[in-house]
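Please read it alongside the sequence and the structure shown here.

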Amino acid sequence: MSALRAFAVTENDESTGAIYFAKHDIVAKKWGANEFADGEIGYVSCRRAPWADAYVGKPLPVSVMIENGWHFGCHGCGMRMDEDELRERHLPVDGVIGSQHSAVYCCARCRRKHLSRQRRKEAEQQLAIESFKAIVRKRFPEVEFINEHPNWQNYARADFFHGQKGWIWQRVTVAFTFPGMKIAPAWLELPERPWRGYGEGNRSIGPLQPAYTCCNGDREAFETYAAATRTQP
């Protein structure tokens, strides 16, 4: 039998917390304080959770935690998952998917829908990146794109909003080297899309126009390169 025991550690004000496995409660309490209370041990409470002892060294199912009074937000639809809410929606507790340290879903159908939405999102974001690369290639055929660099990576964020047609590209950036560059790549960027307030429908403001940018130290070199490659009318 393992010497580790399960302890429920929760932050006193928000009641956020987790199950920890330790030999002594003070160890679990310190871990919980570090995670949920900036290390302030007096801001968390710790109690034994014998119902979780059987999961030492194994993933702790969220369904078991819900049966013992915990609640979670569904990673797919966002619903609060506790026994009462699940019962009201005719969803069985043992149908909840996930463990304490993973994404959790209220049911298998919700998980399938969320993963499908994520795949569509990733495809749309890749389309945005490739579309911006095509714009750059048309204007600057000789440049090379930066694909793997800690500070310069192709990036796109796309979202789908109910009531709007199709996906909205929220922000897109592609970075590239150019002749004469000394400090950092230039990039073509669609800036972050501003939003109206909630009272005005919470709809995005646009359309926005992508623009080329570079660091100040390479500005003269980039402007010289851009002028030399500009197509004459």
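Among contacts (heavy atoms within 4.5 Å) in the protein chain between residues at least 6 apart in sequence, 47% join residues at least 24 apart. This is a predicted model, in which local features need pLDDT of at least 70 and side-chain atom pairs count only at pLDDT 80 or more, while totals for chains, interfaces and linings use all residues. Residues are numbered from 1 along each chain as its sequence is written, and side-chain values use heavy atoms, with hydrogens and water left out.

**Overall composition**

- The secondary structure of the protein chain comprises five helices and ten strands; helices (H or I, at least four residues) and strands (E, at least two) are DSSP runs, numbered from the N terminus.
- Of the 233 residues in the protein chain, 35% count as buried. Buried means under 20% relative accessible area, exposed means over 50%, and partly exposed lies in between (1.4 Å probe, protein chains only).

**The sheet of β1, β2 and β3**

- Three strands make up an open sheet in the order β2-β1-β3, and the pairing is antiparallel. Two strands pair if DSSP finds at least two bridges between them.
- β2 and β3 (44–48) are the edge strands, each pairing on one side only.
- Neighbouring strands of this sheet are turned by 30 degrees against each other on average, direction ignored. Axes are lines fitted to C-alpha atoms, for helices over the stretch in contact, and angles run from 0 to 180 degrees between N-to-C directions.
- β1 and β3 run antiparallel and are joined by five bridges. Glu11 stands opposite Val44 in β3.
- Helix α1 (residues 25–36) lies across β1, β2 and β3, and runs at about 145 degrees to β2.

**Strands around β8**

- Strand β6 (residues 144–145) pairs with strand β8 (residues 167–177) in the antiparallel sense over two bridges; Glu144 is opposite Thr177 in β8.
- Strand β7 (residues 155–160) runs antiparallel to β8 and is joined to it by six bridges. Here Ala156 stands opposite Val172 in β8.
- Strand β9 (residues 186–190) also pairs with β8 in the antiparallel sense, over five bridges. Thr173 has Glu189 in β9 as its bridge partner.

**Nonpolar cores**

- The largest nonpolar core has 22 residues, and those with the most contacts inside it are Ile19, Ile66, Phe72, Cys74, Met81 and Leu86. A nonpolar core is a set of buried Ala, Val, Leu, Ile, Met, Phe, Trp, Tyr and Cys residues joined through side-chain atoms within 4.5 Å.
- α2 gives the largest share, three residues.
- Leaving aside its neighbours within four places in sequence, Phe72 is in contact with Val62, Met65, Ile66, Met79, Arg80, Met81 and Val104.
- A second, separate core has 19 residues, including Ile129, Ala156, Phe176 and Leu190.

**The largest pocket**

- About 360 Å³ of space lies in the largest pocket. On a 1 Å grid over the protein atoms alone, a pocket is an open set of points where a 1.4 Å probe fits, with protein on both sides within 12 Å along at least five of seven lines; lining residues have an atom within 4 Å of a point. Grid points are joined across faces, edges and corners, and a volume is the space filled by probe spheres set on the points.
- This pocket is lined by 17 residues, of which Ser15, Thr16, Gly17, Trp70 and His71 are the closest to its centre.
- β2 and α1 each supply at least two residues of the lining.

**Individual residues**

- Thr10 lies in strand β1 and is buried, with a relative accessible area of 13%. Leaving aside its neighbours within four places in sequence, Thr10 is in contact with Ser15, Thr16, Gly17, Tyr43, Val44, Ser45, Arg47 and Trp70.
- Ser15 is placed in the loop between β1 and β2 and is exposed, with a relative accessible area of 51%. Ser15 has a positive phi of about 65 degrees although it is not a glycine.
- Asp38 is found in the loop between α1 and β3, and at 77% relative accessibility it counts as exposed. Asp38 has a positive phi of about 50 degrees, although it is not a glycine.
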